[in-house]
Amino acid sequence: NLIGAPSSALALLKEDENVEPVLGARRAMARGEALKQLRKLDEARSEFARCAKWAQMTTDERLMLRAEAELAEIDWRHGGEAGRSTAIERVRELLADVRSARELRNEWAALEYQLGAALVVAGRRDEAVAILKSALERTDSSYWKMRICNAINAAYYYLGSLHTALTYSELAWTHAVDGGVDSFKPRLLASAAGIRFGLGLFREAAEQGELSASWGRRLGSPFEYEAGLLAAASDLVQIAEFERALAIVREARQSASQDPRSRHTVKSLEIEALALLHIGNYPASKACIDSAYAKLDVIGYDDTLPRLRWHSARLALEAGDFGGAEALLMLALGDLERTQDWEDLPGVQVEMQLLFARSGDKRLDIEQLQRVVEGAESRELCPVQLRGTLALAEASFTARGARADLIPILERGLRLAERCGAREFVWRISYWISRELLATGEVRSSASRMANAVRVLRGVASELTVQNQALYLSTAHAQLLVQGSAAPGPS
């Protein structure tokens, strides 16, 4: 098992129901670890459950807690909503009942880690941080310090405290190096890539995601391989490298298809849907979303669901189905107001305001959009600032005409997009700034912005396949630019 040869380990560890409990518990643990490496999770779970039962019979609390931690991880990571709920409830019971195990610092910390990590995925991040910090103080194991710091990093990432997340990400890497734990380096790289995504370092994040995938493949870990690929694909969408994103995300899904309960299948469909939405292939994007919904019906609630509803709403908005878009956004908001996701909650709020602008709804609140942009700017939440800036530009001009007082905030968003390499945001924000400048009589500056928008649009389109290029250039926003660039003067 330790040298990554689980099949050989299983050959040596034959099942034997007649073995005495002490040896049986240890054998079941070793078999469970081997089966887990082979992704035979149902069989692994059975072995860990057998180990926990026999270890309890022999009063080997250390081994019993190790087995319970393994059971919890399989349940919360691979068991969908029902498995996650089961893991949270079971670990809470253990932490409450097994008082004497407090002397087993690392085993106890491992259980607290499983509880905290499950709560992170369930969207209860503040609660998770408190539990994980307790575990971090308790353990003296470099391995568990690494895993706990990485989970705290994830919790702070989802809460939008990116610099705090980065601190714990760096601590996790330090503990991995101190403990010689190479097997978790792919996961740590993927986590660090996520933080760089939030800070707008999309190119660096994509490269780190692919490096994480490479480590995962080298170590024979499909989970880490897929996680790295999915992180890279998400980053590539932000810099408008859509074809590369599609290739990577499909590679991840092919790997994840070996596990019918894998969350990575849902995530891969969500990212592919987003890339196709940007390209303008709306039917294919919808097909991905429908497949993801069907997968969620099998595995239960996942924090990808609000994003799927957000993407569905964007498709409805493109089709002019304002009522359908609003209903979907409201469903997404119901979940996101509970989890307080730093990226998706303001993203959906921004989308709602864009819906109001396009539909002529009196609920449009330009000041709210401006607050979202300025709040994201102050917290360095780059994806939120970019989306908010683009929505503010379109909504304000569409609803009220030129607003010269907004040009500085739009210019800051454009500079951020250029610095991040977010090319689609560059040309779309440039277009609206051009419209603002033209309406206020700054014809030369307007023409310069419009020319830059056209240049960047052509660059993005040139990298697409012939079919996708045609779709991209036929999107409503691309057509606005094409028609605007051909206009002879103010209109």
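**Salt bridges and a helix pair**

Me: Which residues are linked in a network of salt bridges here?
Reply: In this predicted model, the network joins Lys267, Glu270, Arg307, Glu343, Asp344 and Arg387 through salt bridges.

Me: And how many salt bridges does the count come to?
Reply: The count comes to 39.

Me: OK, take Arg125 and Asp303. What's the N to O distance in that salt bridge?
Reply: Their side chains meet at 3.8 Å, N to O.

Me: Where do those two sit in the chain?
Reply: They're in distant parts of it, 178 residues apart. Arg125 belongs to helix H7 (residues 125-138), while Asp303 lies in the loop between helix H15 (282-299) and helix H16 (305-318).

Me: Is Arg125 buried or exposed?
Reply: Arg125 is buried, because its relative accessible area is 3% and buried means under 20%.

Me: What about Asp303, how does that one count?
Reply: Asp303 counts as partly exposed, since its relative accessibility is 21%.

Me: Moving on to Glu377. Which residue does its side chain meet in a salt bridge?
Reply: That's Arg412, with an N to O distance of 2.8 Å. This pair also links distant parts of the chain: Glu377 is in helix H19 (residues 366-379) and Arg412 is in helix H21 (residues 407-420), 35 residues apart.

Me: How accessible are Glu377 and Arg412?
Reply: Glu377 has a relative accessible area of 26%, so it's partly exposed. Arg412 comes out at 30% and counts as partly exposed too.

Me: What do Arg371 and Asp365 do?
Reply: Their side chains form a salt bridge at 3.9 Å, N to O. Asp365 has a relative accessibility of 25%, so Asp365 counts as partly exposed.

Me: Change of topic: helices. At what angle do H5 and H6 pack?
Reply: Helix H5 (residues 80-97) and helix H6 (residues 105-121) pack at about 145°, and their axes are 9 Å apart.

Me: Is the crossing left-handed or right-handed?
Reply: H5 and H6 cross in a left-handed way.

Me: Which residues make the contact?
Reply: From H5 you get Arg84, Ile88, Val91, Arg92, Leu94 and Leu95. H6 brings in Trp108, Leu111, Glu112, Leu115, Ala118, Leu119 and Val121.

Notes:
Residues are numbered from 1 along each chain as its sequence is written. This is a predicted model: local features need pLDDT of at least 70, side-chain atom pairs count only at pLDDT 80 or more; totals for chains, interfaces and linings use all residues. Side-chain values use heavy atoms; hydrogens and water are left out. Axes are lines fitted to C-alpha atoms, for helices over the stretch in contact, and angles run from 0 to 180 degrees between N-to-C directions. Helices (H or I, at least four residues) and strands (E, at least two) are DSSP runs, numbered from the N terminus. A crossing is left-handed if the near helix is turned anticlockwise from the far one by less than a right angle, and right-handed if clockwise. Contact means heavy atoms within 4.5 Å. A salt bridge is a side-chain nitrogen of Lys or Arg within 4 Å of a carboxyl oxygen of Asp or Glu. Buried means under 20% relative accessible area, exposed over 50%, partly exposed in between (1.4 Å probe, protein chains only).
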